[in-house]
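Please look over the sequence and the model below before reading on.

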Amino acid sequence: CNFGEAILEQGLEQGLEQGLKQGVFMTLVSLVKDGMLGREEAARRVDMSKEEFMEKKKKEEQENNYNK
């Protein structure tokens, strides 16, 4: 394994981890929108305050046009 391959592998791992976190977050946003989960509980599940969760939710919705 050469240096370039190691860097590529590390980047892929980081990208996958970030994508999984984003998927979990957006799933929680959907559950909150559908009334199946409270904001406080959703925030707790991603180790955020309710305010942090709602701010990130707003930002994600604006960036991704996620307005279900």
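The chain exposes about 5,300 Å², of which carbon and sulfur atoms supply 51%; accessible areas here come from the Shrake-Rupley method with a 1.4 Å probe, and for residues only the protein chains shown count as cover. The model is a predicted one, in which local features need pLDDT of at least 70 and side-chain atom pairs count only at pLDDT 80 or more, while totals for chains, interfaces and linings use all residues. Residues are numbered from 1 along each chain as its sequence is written, and side-chain values use heavy atoms, with hydrogens and water left out.

Of the 68 residues of the chain, 21% count as buried, where buried means under 20% relative accessible area, exposed means over 50%, and partly exposed lies in between (1.4 Å probe, protein chains only). The secondary structure consists of three helices and zero strands, and along the sequence these follow the pattern α-α-α; helices (H or I, at least four residues) and strands (E, at least two) are DSSP runs, numbered from the N terminus. The chain has a radius of gyration of 15 Å, well over the 11 Å that the globule rule gives for 68 residues, so it is more spread out than a compact globule. That radius is taken over C-alpha atoms, and the globule rule is 2.2 Å times the number of residues to the power 0.38. Along its principal axes, the C-alpha trace spans about 50 × 25 × 20 Å. Among contacts (heavy atoms within 4.5 Å) between residues at least 6 apart in sequence, 47% join residues at least 24 apart.

The chain carries 11 positive and 14 negative charges, whose mean positions are 8 Å apart; Lys and Arg count as positive and Asp and Glu as negative, whereas His and the chain ends are not counted. The place of a charge is taken as NZ of Lys, CZ of Arg, CG of Asp or CD of Glu. The structure holds six salt bridges, each defined as a side-chain nitrogen of Lys or Arg within 4 Å of a carboxyl oxygen of Asp or Glu.

Which residues does Glu 41 meet in salt bridges? One partner is Arg 44, with the closest N and O atoms 2.5 Å apart, and another is Arg 45, at 2.8 Å from N to O. Arg 44 and Glu 41 are separated by about one helical turn because they are three residues apart in helix H2 (residues 39–45), and Arg 45 and Glu 41, which also both lie in helix H2, are four residues apart, again about one turn of the helix. Arg 44 is exposed, with a relative accessible area of 54%, whereas Glu 41, at 24%, counts as partly exposed.

In helix H3 (residues 50–64), Lys 57 and Glu 61 lie four residues apart, about one turn of the helix, and they form a salt bridge whose closest N and O atoms are 3.1 Å apart. Lys 57 counts as buried at 14% relative accessibility, as does Glu 61 at 11%. Salt bridges that share partners join Lys 33, Lys 57 and Glu 61 into one network. Leaving aside neighbours within four places in sequence, Lys 57 is in contact with Phe 25, Val 29 and Lys 33.
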